[in-house]
2 protein chains.
Amino acid sequence: MLGTPLLPEIRELIERRNFSALQRIFNDWLPVDLAELISDLPENEQAILFRLLPKDVATETFEYLDLDSQQNLLEALTQKDVTHILNSMSADDRTALLEELPGNVTQELLRLLSFKEFKIAKTLLAYAEDSVGRLMSPDYLSVKKDWNINQVLEYIRTYGHESETLNVIYVVDDHGKLKGELMARELLLSSPEKKIRDIVSEDKIVTLTATQDQKDALDAFKKYDTVALPVVDSNGYLIGIVTVDDMLDVAEEEETEDIQKFGGIEALEEPYIDLPIPQLIKKRAVWLVVLFIGEMLTASAMAFFEEELAKAIVLATFIPLIISSGGNSGSQAATLIIRSLALGEITIRDWWNVMRREIISGMALGGLLGLIGVFRVIVWAMVFGQLTMQWVYMSLTVGISLVGIVLFGTLAGSMLPLLLQHWGLDPATSSAPFVATLVDVTGIVIYFSVASLLLGGILL
Amino acid sequence: MLGTPLLPEIRELIERRNFSALQRIFNDWLPVDLAELISDLPENEQAILFRLLPKDVATETFEYLDLDSQQNLLEALTQKDVTHILNSMSADDRTALLEELPGNVTQELLRLLSFKEFKIAKTLLAYAEDSVGRLMSPDYLSVKKDWNINQVLEYIRTYGHESETLNVIYVVDDHGKLKGELMARELLLSSPEKKIRDIVSEDKIVTLTATQDQKDALDAFKKYDTVALPVVDSNGYLIGIVTVDDMLDVAEEEETEDIQKFGGIEALEEPYIDLPIPQLIKKRAVWLVVLFIGEMLTASAMAFFEEELAKAIVLATFIPLIISSGGNSGSQAATLIIRSLALGEITIRDWWNVMRREIISGMALGGLLGLIGVFRVIVWAMVFGQLTMQWVYMSLTVGISLVGIVLFGTLAGSMLPLLLQHWGLDPATSSAPFVATLVDVTGIVIYFSVASLLLGGILL
């Protein structure tokens, strides 16, 4: 059931307090759809609807809600309901909620947990932000090597209800050391008498540690195409698992950071719309000021050519057109190369191949814009009835400068990310604005140099 | 086992033809790691190593290889090996390979398939590119409602080996109409005598159709956090399944398209490094020319103010500095808003909230750059010992223009994506270069207008 549920009808039923009709409707809905509906309601109606849900559906629905709605419900529900939800929601989702709340609220909520859940929550919150530990769940099933499939199946039926996933069962020795993974597929395909030791192999286990960066976990999930990975301590003891559903969020966060960096902004830690305005300004100001100070070089470069400018004001007219073309072609090249690096399509070793492609592309694109530029200047002069040799030379100055600047733009835009990668820095730092600023300064020098050469004795 | 395998050692063993040592090493490796190793080898060594793998490992390894290595192996291996691989690889991965090969090669390879596999491959290739059908696999298990869990388990052990996933089993009626999904979790947790009809519900099935866009499938997977989705025809008959592992590739492709659009390039259909240079140029030329023609307006605007320019050449000196600041702040705003829209953090309905935030941010950032600008002009004048009232007014012109232009940049950068979304267009079209061009033209008008007001009678 994809698509938006019938919000107006639902709201009317809420207004008419027709709760039995609502309960009948919701009976057919998935928790994820219920969560979407609740998020779309005004805050005061969210709790009304939420209280109508059966207890187990309520907890799962709560896990799917965005942080704002979760916070709103925590305030609006009775302490009894909140206690039930916090104790029954999965440990990793609970950590994600608690880590975002103000410290005093977190403390208050922790007190509502049972002793067992309190200990789990405390342990998980003790791991650093953005570490694997914060995503970890202690709810997994582990079995022993000398069990057979039938014993495992029995064990799952008895103890599996709490487990975060049943797609993987972990094999441990008597001390809790991880000895292998039993995939649901192997479990289901093997004959009931087969022993675990004959199915699983110790060699091929991919593990995470709780202190690792979440980005590493993401890379491992991407590479091994798996639904869950075990987390072990430094001695190889199994302490929790991470499931793939949490990875989508990590991937989204990483991607957002990259995109923001490329747009010339420090990565925001919160959604744009929730970030306090002073912080929003600060995140943008740093790069904006750096770029501004860099761009001041254009004023110095222009001042250096003031004499030429004074002789031929018309030169100034084309400056924005010319330098922006360098910036645009540079942004294009940087975008292509940064993305290709991120996808692993190219590595630093391909630098010559990239450079060759960019030289050809830059010449072609520069030539194209140059031709249009020449055409533009000549038509302009003709329209105003002043097509003299001076204008022909002027048009050539614009055309040749464009070739040089677009070529420089594509080269700077493509080589800078590779250089940054080579120096161990993040290629995405060579943002579109950064490349544009670099190319602006160079563009002015190229333009006036071409002008001096071509127009010396004519206009200059 | 994350990280790069020991490439030099492996290559030495290949050179020394020590195949038994290689086979011993590879015994412990996962197919995904073997694939990574093979991709890193020179083309002539890839087949040598590949032939050392046991048959079933070979097919799985082949599925993980990139397209280039796959093509290379298809050429280097014997027809017998190729026949085995093509017949035993999973149908969706095979479709992905066949759709990328030249038509005549695809025809040749199709002839190597058994009659059954040939029919499947032909059917899947008949669906449109980027449609769900191309990702579909016909290898799933389906069971009947009146079976009990024990019967299902027996059925899986007998027929499950070919199935693409065992995490979901599909429930169909006697005619093949989809009636429900049995998750591995439910299967494993239910007691052996329980009937399927008591576990699965028909109401809550999320389905895809073969002709749907792959992007829709991605959205459904993201929303429902599931490992597989059934594909049905218009009458509700189950015709295949799509598994989540294919979604990572779709997500990556979609994301790449968005990033390229934002960088002002038409989406490339192939990796940067594989795209023929003429096509690479074409993909970039369209936007570059459009932007160039738009940017021509700057020349017209400058020509309009030529009189002012002639009186005060110094005005020209600051043009690149001023307009680029507008472009940079515009790129920042566009990046933030496009990403927030994509993540669903904001919708068009938030436009006023966004505008309010951007007005405050724009004023603050513009004020900051303005102050730095005033400072720069005055210090510059002092250094050259010509700090006159004219220079003070000049500095104010630069400062006030910066406030106006940065404010306009943030507003244009933030509102344009919202407008595009409102008009049903892709917000990512308001690329960084596009916003920068728009702001350049306006920036010149703002700058010269402020100059006319402040410098009239002084410099102008």
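By what turn, and with what shift along the axis, can chain A be laid on chain B? In this predicted model, a turn of 180° with a shift of 0.0 Å along the axis places chain A on chain B with an RMSD of 0.1 Å.

**View 1. The relation between chain A and chain B.**

**View 2. Nonpolar cores.** The largest nonpolar core holds 93 residues, and the members that touch the most others are A:F318, A:M394, B:F318 and B:M394. Another core, of 37 residues, lies apart from it and has A:L37, A:V82, A:L86 and A:L109 among its members.

**View 3. Segments of chain A annotated as transmembrane.** An unreviewed UniProt entry places the feature "transmembrane region" at residues 285-305, 312-339, 359-379, 391-412 and 432-459 of chain A. In the model, residues 285-305 of chain A are 95% helix and 0% strand, with the end C-alpha atoms 31 Å apart. Residues 312-339 of chain A are 89% helix and 0% strand, and here the end C-alpha atoms are separated by 42 Å.

**View 4. Segments of chain A annotated as CBS domains.** The feature "domain: CBS" is placed by UniProt, again in an unreviewed entry, at residues 136-199 and 200-257 of chain A. Over residues 136-199 of chain A the model has 27% helix and 20% strand, and the end C-alpha atoms lie 26 Å apart. For residues 200-257 of chain A the figures are 41% helix and 19% strand, with 39 Å between the end C-alpha atoms.

View 5. In helix 4 of chain A, which spans residues 43-51, the buried residues are A:E45, A:Q46, A:A47, A:I48, A:L49 and A:F50. The elements that cover these buried residues include helix 1 (7-15), helix 2 (19-26), helix 3 (31-40), helix 5 (55-64), helix 6 (67-76) and helix 7 (79-88) of chain A.

**View 6. Helix 5 of chain B and its buried face.** Helix 5 of chain B, residues 55-64, has B:A58, B:T59, B:T61 and B:F62 among its residues, and these four are buried. Seen down the axis of helix 5 of chain B, the buried residues fall within an arc of 165°, so they line one face of the helix. Their cover includes helix 3 (31-40), helix 4 (43-51), helix 6 (67-76), helix 7 (79-88) and helix 8 (91-100) of chain B.

**View 7. Aromatic pairs.** Over all chains the count comes to 22 aromatic pairs. In chain A, ring pairs link A:F304, A:F305, A:Y447 and A:F448 into a cluster.

View 8. A:T106 has its place in helix 9 (residues 103-110) of chain A, and its relative accessible area of 7% is under the 20% limit, so A:T106 counts as buried. Not counting residues up to four places away in sequence, A:T106 touches A:L98, A:L101 and A:L125. A:N27, by contrast, is exposed at 56% relative accessibility and lies in the loop between helix 2 and helix 3 of chain A. Its C-alpha atom is separated by 56 Å from that of A:L291, which is 264 residues apart from A:N27 along the chain.

**View 9. Contacts of B:D139.** B:D139 is found in the loop between helix 10 (115-126) and strand 1 (142-143) of chain B. Leaving aside neighbours within four places in sequence, B:D139 is in contact with B:A91, B:E162, B:S163, B:E164 and B:I241. From B:D139 to B:P31 the C-alpha separation is 21 Å, and the two residues are 108 residues apart in sequence.

Technical notes: Residues numbered from 1 in each chain as written. Chains lettered and ligands numbered in written order. Predicted model: local features only at pLDDT ≥ 70, side-chain atom pairs only at ≥ 80, totals over all residues. Heavy atoms only, no water. UniProt positions renumbered as here; feature names shortened; annotations may be inferred. Helix = DSSP H or I, 4+ residues; strand = E, 2+ residues; numbered from the N terminus. Buried < 20%, exposed > 50% of the residue type's maximum accessible area, 1.4 Å probe, protein only. Arc of directions from axis to C-beta. Contact = heavy atoms within 4.5 Å. Least-squares fit on C-alpha atoms with pLDDT ≥ 70 in both. Core = buried A, V, L, I, M, F, W, Y, C linked by side-chain atoms within 4.5 Å. Phe/Tyr/Trp six-rings, centres within 6.5 Å; stacked < 30°, edge-to-face > 60°.
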